[in-house]
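Please look over the structure below, together with its sequence.

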Amino acid sequence: MFIQTEATPNPATLKFLPGRTVMAEGVLDFRSREDAAVSPLAERLFAVEGVAAVFLGADFITVTKSAGEWIHLKPALLGAIMEHFQSGAPVVTDPGAAAAAATGEEFYDEADAGVVETIKDLLETRVRPAVAADGGDITFVGYRDGTVYLAMKGACSGCPSSTATLRHGIQNLFRHFLPDVQAVEAV
């Protein structure tokens, strides 16, 4: 098994490409070892000292470090990923975990349903593919008084360039298609 790695815009996060499906549906973002109890893969990764977060995407895994250098962490993480896939264990033991994670509480006024539908469509077709290429994900949280609220996950969470991505990229895209959008905020 050959696992490729890619740097992400977040220097604390590295993207691993195992060359196979990681999550058949949805994504999962684990911020602690306790959260990872539904994923044998994430548990293995959290067992490596210095791992702060694990994000499972369709065909990639991103790992965020809290301490240590990648030159020391990377071999242990590659070994954990390889061992997991060779073991035949499932990536997730609770198939509903990704669906439950995706159904976070959204907020918006019903009068803005058309605007929200367009926001979600733009996120799905134009933003999420680009963000996934960098090892992360972005989801709609809410819309109120001209402000779109989004959740940044994976490599995007805590990334130094995420503010610029929100302000200059996503906000400008939304404003182009939706003049009512005045700002984009991360939650």
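The model is predicted, so local features need pLDDT of at least 70 and side-chain atom pairs count only at pLDDT 80 or more, while totals for chains, interfaces and linings use all residues. Residues are numbered from 1 along each chain as its sequence is written, and side-chain values use heavy atoms, with hydrogens and water left out.

Q: How many of the residues of strand E2 are buried?
A: Strands (E, at least two residues) and helices (H or I, at least four) are DSSP runs numbered from the N terminus, and buried means under 20% relative accessible area, exposed over 50% and partly exposed in between, with a 1.4 Å probe and protein chains only. In a regular strand the side chains alternate between the two faces of the sheet. From E2, Thr 13, Lys 15 and Leu 17 point one way and Leu 14 and Phe 16 the other way, and all are buried. For strand E2 (residues 13–17), the number buried is therefore five of five.

Q: Which residue of E5 is the bridge partner of Phe 16?
A: Two strands pair if DSSP finds at least two bridges between them. E2 is joined to strand E1 (residues 4–7) by four bridges in the antiparallel sense, and the two form a hairpin with five residues between them. E2 also pairs with strand E5 (residues 61–65), antiparallel and over four bridges. In E5, the bridge partner of Phe 16 is Ile 61.

Q: Within what arc do the buried residues of helix H2 fall, seen down its axis?
A: The buried residues of H2 are Trp 70, Leu 73, Leu 77, Ala 80, Ile 81, His 84 and Phe 85. Seen down the axis of H2, these buried residues line one face of the helix, because they fall within a limited arc (taken from the directions from the helix axis to the C-beta atoms) of 120°.

Q: Which elements are included in what covers the buried residues of H2?
A: On the other side of H2, Ile 71, His 72, Pro 75 and Gln 86 are exposed. By contact, that is heavy atoms within 4.5 Å, the cover of the buried residues includes E2, helix H1 (40–46), strand E4 (51–56) and E5.

Q: How far apart are the end C-alpha atoms of helix H2?
A: The expected span of a helix is 1.5 Å times one less than its number of residues. The 18 residues of H2 (residues 70–87) should therefore span 26 Å, and this agrees with the distance between its end C-alpha atoms, which is 25 Å.

Q: How many residues apart in sequence are the parts that Glu 106 and Lys 120 tie together?
A: The side chains of Glu 106 and Lys 120 meet in a salt bridge (2.7 Å, N to O), a term for a side-chain nitrogen of Lys or Arg within 4 Å of a carboxyl oxygen of Asp or Glu. Glu 106 lies in the loop between helix H3 (97–102) and strand E6 (107–108) and Lys 120 in helix H4 (residues 113–133), so the parts tied together are apart in sequence by 14 residues.

Q: Which residue joins Glu 124 and Arg 128 in one network of salt bridges?
A: Glu 124 and Arg 128 meet in a salt bridge (2.9 Å, N to O). Being four residues apart in helix H4, they are separated by about one helical turn. Salt bridges that share partners join Glu 124 and Arg 128 into one network with Asp 137.
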